[in-house]
Amino acid sequence: MDTWRKLTTLLNKPFPENESRFGKPKTALIVSLFITFFLIIFEPFGIASLGSDRYLICVGFGAMTFFTSIIYEFTVGQLLNLKGKGRKWTYGKWIIHNLGLMLFISLANFLFARLAIFGYIIWELLPDMIYGTFMVGIIPTLGLGAFALFRSERKHLDIASEMNSRTPALSSEERIKDAKAEGSIFDIPLTDIRYVEALQNYVKIGHITNSGECSSKSERATLKQILEQTHGSSIVKSHRSFLVNRDAIVSTEGNAQGLLLTLADCPTTIPVSRSFIPEFRTKQKT
């Protein structure tokens, strides 16, 4: 039972999101090169019997892997919405996503092998190709995923610990009282705002009410418009979908996707994605 609990915890861990537009092609290229060189070096599945063309065929398998990965990532993966959003993107969902990808790669390489090498298709042999693809790819895929998860998680835990050590030991009241932001948006004083979340054509503003409770209200606006209105204040961007009041930050936690901010008198934790972490660390040091 304890083993099952540990496994469930692992599968539910937030998995690092790839924020770079070049991240998916880069990953696909690395995987494709790995498969190409694996086939050239070990010559499994009868590749050694293909004669002088075997190296070209190995490159063909690698190319099919690359293009299939790109197509899967930008079409099937998006249509099925396997990745979810933000903290919903877990190690378990990442595994499911990649199992689907390997299935598509199996089909693409099967078609390539049958048409390019033999000139005809025998569908009864497809399970053998699926088996071979999974045997080659499953262990390195899961291993690299686990390595990326724990490396990113450890890094952000260390950053969170560093930032917490520099956070002044002030109470919530003292922290907000010392805030220098002035003005308001949608009749909400900036010092009462805790976060702003993007919701398509609207934003949700988390704020403290006159009775001291944390509440939220939705307004038709964009994060860009809010940032322009609050320029020079403590309202800053922490994520592609969030703004946060820096003066309301009480503590920082870390996970594989980045940082999580705990705010004064507010139960909602706000993510800081990897691209915004350097800015938060630099401003805090100063």
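Two strands pair if DSSP finds at least two bridges between them. Strands (E, at least two residues) and helices (H or I, at least four) are DSSP runs, numbered from the N terminus.

The model is predicted: local features need pLDDT of at least 70, side-chain atom pairs count only at pLDDT 80 or more, and totals for chains, interfaces and linings use all residues. Residues are numbered from 1 along each chain as its sequence is written, and side-chain values use heavy atoms, with hydrogens and water left out.

**Exercise 1. Describe the open sheet that contains β9.**

Solution. 
Step 1. The sheet has 3 strands in the order β8-β9-β10, and the pairing is antiparallel.
Step 2. From one strand to the next the twist averages 25°; angles run from 0 to 180 degrees between N-to-C directions, and axes are lines fitted to C-alpha atoms, for helices over the stretch in contact.
Step 3. β8 and β9 (residues 258-263) are joined in the antiparallel sense by 6 bridges. I249 stands opposite L263 in β9.

**Exercise 2. State the strand order of the open sheet of 5 strands, and examine the pairing of β4 with β5.**

Solution. 
Step 1. The order is β5-β4-β3-β7-β6, with antiparallel pairing.
Step 2. β5 (214-220) and β6 (235-239) are the edge strands, each pairing on one side only.
Step 3. Neighbouring strands of this sheet are turned by 25° against each other on average, direction ignored.
Step 4. Between β4 (residues 202-208) and β5 there are 7 bridges in the antiparallel sense. G206 has S216 in β5 as its bridge partner.

**Exercise 3. Characterise the packing of α4 against α5.**

Solution. 
Step 1. Two packed helices are described by the angle between their axes and the distance between the axes.
Step 2. The axes of α4 (residues 91-118) and α5 (residues 126-166) come within 9 Å and cross at roughly 145°.
Step 3. The contact of α4 with α5 involves 18 nonpolar residues, 7 polar and no charged. Here Ala, Val, Leu, Ile, Met, Phe, Trp, Tyr, Cys and Pro count as nonpolar, Asp, Glu, Lys and Arg as charged, and the others, Gly among them, as polar.
Step 4. α5 also lies across β8 and β9, running at about 160° to β8.

**Exercise 4. What share of the residues of the protein counts as buried?**

Solution. 
Step 1. Buried means under 20% relative accessible area (1.4 Å probe, protein chains only).
Step 2. Of the 286 residues, 41% count as buried.
Step 3. These residues belong to a protein with 8 helices and 10 strands.

Key: Contact means heavy atoms within 4.5 Å. Buried means under 20% relative accessible area, exposed over 50%, partly exposed in between (1.4 Å probe, protein chains only).
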